[in-house]
Amino acid sequence: MAQENNFQQLRGTLRGELIEPTDANYNLARKVYNGMIDKKPAAIAKCNDVADVIACVNYARENKILLAVRGGGHNGGGLGVCDDGLVIALSGIRYAHVDPVAKTVRVGGGSTWADVDHATHAFGLATPSGIISTTGVGGLTLGGGLGHLTRKCGLSIDNLLEADVVLADGSCVTASEKSNEDLFWALRGGGGNFGVVTSFLFRLHNVDTLYAGPMLWELSESKRIMKWYRDFITTAPDELNGFFAFLTVPPGPPFPEHLHNKKMCGIVWAYSGPLDKAEKVFEPIRSLGNIALDFVGPIPHPALQSMFDALYVPGYQWYWRADYMNELSDKAIDEHIKYGSEMPTMWSTMHMYPVNGAAGRIKNDETAWSYRDATWAQVIVGVDPDPANRELVTKWTKDYWEALHPYSAGGAYINFMMDEGQDRIRATYKDNYDKLAMVKAKYDPNNLFRVNQNIKPAVMAAAGAK
């Protein structure tokens, strides 16, 4: 009864809605993007403003209640929700305010990248993001932020100028290169370990219409294309991004009928340079020949960002495994082809996102993101709308990952990880882990924010220090 009364007290302090298991909209409110996640929190607070967030953080800390933070809800491991705890849902803090003179955009912690793209495109501007526009800005950014503009403009965190953060003690601070610098360093890749980010300020770039889209080849061409791609993408101009994929062609327009449901390999290109030079840039690519599908051409940035939204709608079963890769050996290619040809469902896929170019010229210790020297961030996902296929897609993903992991650099991009344990988290942050643990000890010493790829607070060496 005491906890029920406390929730009632919390409800009275919020401008937003507090949803409990007895409420009619509870089951809808607790859902996240990954349908494989089925957690039942004690309450979900749909925060409308920073004051709501502060109230929730204070309540969770004072009552020793497990706390989860949800932005867009896309987290692969479902770490934006928890059992028997309180979920801070940020969807009510949703805005994108553009300053076209300063070329910046201030974004609410509950915004999606579609919100940002809509606001910035009106000014012919953009900032690096992912490849699905329904993804939350907060989760993607705090993990790093790979996407179509990585090689030209860097990661999302490389364009983050400041962040407003509600800390574990309920205070709200601004982190930037001039204020709370250690926190700002940790936020750029350290995930949700350090507080609730209610506002992001990003640098914008002159990106309007790109020359972009998918280019597909028959599966029999995979070895030739992968061998060519591993050399080409490391020396390509920064303006040209392209991630390699194994995929199954969806059975509908705009894809030609003879390719429907066909397993293929492909590269999704994004050229952000001058459009009048695009055809010249793509001459050596198109000269490869035997291209089965070429959908590369002028496309507005928001259209490219939302190209795959309809294919990957919320609620599908997802199982993720990932690794950073420094090189793509002939033996690794053989393993890729073996498992790429065995994709169990139409939505299952493997992507290799380049990390080189602008993103790769930043040192590993300049931000918490620890694999600037990797060539690719590789992800394998088993996906299907039917819960009956959960084990099928999970087994394929695990088998594929286990075959390729020996060729990896060790860690993985945290936005592509399930809940995989402390060893994987340490491998992901490698030399940056100890510093992150110290920052964690300073800003969240009791690990209130632990429903994430958790970095445990460092045990202070001088326990009796005054």
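This is a predicted model: local features need pLDDT of at least 70, side-chain atom pairs count only at pLDDT 80 or more; totals for chains, interfaces and linings use all residues.
1. Let's begin with D384, which sits in strand β17, a stretch covering residues 376-384. This aspartate is buried, yet it has no salt bridge. The nearest side chain of opposite charge belongs to K263, and that is 11 Å away.

2. What does the side chain of D384 meet instead? One partner is N389, whose side chain makes a polar contact of 2.8 Å with that of D384. Another is the backbone nitrogen of D386, which lies 3.0 Å from a polar atom of the D384 side chain. If you set aside residues up to four places away in sequence, D384 touches Y316, Q317, T345, W347, N389 and V393. N389 therefore turns up both in this list of contacts and as a polar partner, under the 3.5 Å limit for a polar contact.

3. Next, have a look at two pairs of helices. Such a pair is described by the angle between the two axes and the distance between them. For helix α11 (residues 330-340) and helix α12 (residues 390-404), the angle is about 170 degrees and the axes are 9 Å apart. That makes α11 roughly antiparallel to α12, because angles over 145 degrees are counted that way. On the α11 side, the residues in contact are A332, E335, H336, Y339 and G340. They meet W396, D399, Y400, A403 and L404 in α12.

4. The second pair is helix α13 (residues 422-429) with helix α14 (residues 433-443), packed at an angle of about 110 degrees with axes 8 Å apart. These two helices are therefore roughly perpendicular to each other, since the range for that label is 65 to 115 degrees. Q422, I425, R426 and Y429 are the α13 residues that meet Y433, D434 and L436 of α14.

5. How many salt bridges are found in the whole structure? The search gives 24. One of them joins the side chains of R30 and D38, at 2.6 Å from N to O. R30 has a relative accessible area of 14%, so this arginine counts as buried. D38, at 52% relative accessibility, is exposed.

6. The salt bridge between E239 and K152 has an N to O distance of 3.5 Å.

7. R224 is partly exposed at 34% relative accessibility, whereas E221 is buried at 14%. Elsewhere, salt bridges with shared partners join R321, D323, E420 and R424 into one network.

8. Finally, what else surrounds R224? Leaving aside neighbours within four places in sequence, R224 is in contact with W217, L288, G289 and N290. With G289 there is a polar approach as well: the backbone oxygen of G289 lies 3.3 Å from a polar atom of the R224 side chain. As a further landmark, R224 and K331 are 107 residues apart in sequence and 13 Å apart in space, C-alpha to C-alpha.

Technical notes
Residues are numbered from 1 along each chain as its sequence is written. Side-chain values use heavy atoms; hydrogens and water are left out. Helices (H or I, at least four residues) and strands (E, at least two) are DSSP runs, numbered from the N terminus. Buried means under 20% relative accessible area, exposed over 50%, partly exposed in between (1.4 Å probe, protein chains only). Lys and Arg count as positive and Asp and Glu as negative; His and the chain ends are not counted. A salt bridge is a side-chain nitrogen of Lys or Arg within 4 Å of a carboxyl oxygen of Asp or Glu. A polar contact is a pair of N or O atoms within 3.5 Å; within protein, one must be able to donate a hydrogen and the other to accept it, and residues adjacent in sequence count only if both atoms are side-chain atoms. Contact means heavy atoms within 4.5 Å. Axes are lines fitted to C-alpha atoms, for helices over the stretch in contact, and angles run from 0 to 180 degrees between N-to-C directions. Angles under 35 degrees count as roughly parallel, over 145 as roughly antiparallel, 65 to 115 as roughly perpendicular and the rest as oblique.
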